[in-house]
Amino acid sequence: MGGRLDRSPFLSDAATHPLLLRKKSHLSTLICNYYHKILFHSGPRSTAVNIQKKFWIPSIISILRGVISKCIPCHRLSAKPIQPKMADVLPERMQRTYPFASCAMEVHIPLKRAIFAIIPLIKLISLSSYVLRREPSI
Ligand SMILES: [Zn+2]
């Protein structure tokens, strides 16, 4: 292709005179696929900029979008996490109450050791609930 950049000292000969390829040729698709992979699965715009340093393909963005839509690693990386469907919260759980107003603990150790393990927790819980009850906001 001709252009006005022939005398540019910064551009290579391939950049000033890129090879013109047909839009619907298999070679264009292969070149787009190759550049997409060597550029670490980059997007269509940055891939197009790098391809157009050597080749000129009309409507290259649409070809690249087709290549990227068929690319399995890009499809896997762009997948959104599945949001689980959850039921509404029960009204009993939405009532305002003090912390640790109702709590439970499962113990899987012998009772004698459990009592010694639980006593400091009970002291901590009673102390924290005493501190929180003194606040007038609740
Ligand atoms: Zn990809």
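1. Basis of the note. The model is a predicted one, in which local features need pLDDT of at least 70 and side-chain atom pairs count only at pLDDT 80 or more, while totals for chains, interfaces and linings use all residues. Residues are numbered from 1 along each chain as its sequence is written.

2. Overall make-up. The chain has six helices and two strands, where helices (H or I, at least four residues) and strands (E, at least two) are DSSP runs numbered from the N terminus. Read from the N terminus on, the elements follow the order α-β-α-α-β-α-α-α. Of the 138 residues in the chain, 9% are buried; a residue is buried if 20 or more other C-beta atoms lie within 10 Å of its own, exposed if 12 or fewer, and partly exposed in between, with C-beta atoms placed from the backbone. Among contacts in the chain with a separation of 6 or more, 58% are between residues 24 or more positions apart, a contact being a pair of residues whose C-beta atoms, placed from the backbone, lie within 7 Å.

3. The nonpolar core. Nine residues form the largest nonpolar core, namely Ile-31, Cys-32, Tyr-35, Ile-51, Ile-57, Ile-60, Ile-63, Leu-64 and Val-67; such a core is a set of buried Ala, Val, Leu, Ile, Met, Phe, Trp, Tyr and Cys residues joined through C-beta atoms within 7 Å. Helix H2 (26-38) and helix H4 (60-70) each supply at least two residues of this core, and the largest share, four residues, comes from H4.

4. Which residues of H4 are buried? They are Ile-60, Ile-63, Leu-64 and Val-67. Seen down the axis of H4, these buried residues fall within an arc of 95 degrees, so they line one face of the helix; the arc is that of the directions from the helix axis to the C-beta atoms.

5. The packing of H2 on H4. The axes of H2 and H4 come within 10 Å and cross at roughly 60 degrees, where axes are lines fitted to C-alpha atoms, for helices over the stretch in contact, and angles run from 0 to 180 degrees between N-to-C directions. The crossing is right-handed; a crossing is left-handed if the near helix is turned anticlockwise from the far one by less than a right angle, and right-handed if clockwise. From H2 the contact involves Ser-28, Thr-29, Cys-32, Asn-33 and His-36, and from H4 it involves Ile-63, Leu-64, Val-67 and Ile-68. By class, the contact has five nonpolar, four polar and no charged residues, with Ala, Val, Leu, Ile, Met, Phe, Trp, Tyr, Cys and Pro counted as nonpolar, Asp, Glu, Lys and Arg as charged, and the others, Gly among them, as polar.

6. The loop between H2 and H3. Leu-39 is found in this loop and counts as partly exposed because 14 C-beta neighbours lie inside 10 Å. Not counting residues up to four places away in sequence, Leu-39 touches Ser-46, Thr-47 and Asn-50; Leu-39 and Asn-50 are eleven residues apart in sequence and 8.8 Å apart in space, C-alpha to C-alpha.

7. Backbone angles to inspect. Most residues other than glycine have a negative phi. Phe-40, also in the loop between H2 and H3, has a positive phi near 55 degrees, and with 7 C-beta neighbours inside 10 Å Phe-40 counts as exposed. His-41 likewise has a positive phi, near 60 degrees, but with 14 C-beta neighbours inside 10 Å His-41 counts as partly exposed.

8. Two further residues. Asp-13, in helix H1 (residues 13-16), counts as exposed because it has 8 C-beta neighbours inside 10 Å; Asp-13 and Lys-53 are 40 residues apart in sequence and 9.6 Å apart in space, C-alpha to C-alpha. Ala-114, in helix H6 (residues 111-133), is partly exposed with 13 C-beta neighbours inside 10 Å, and, leaving aside neighbours within four places in sequence, Ala-114 is in contact with Val-107 and Ile-109.

Terms used:
Contact = placed C-beta atoms within 7 Å.
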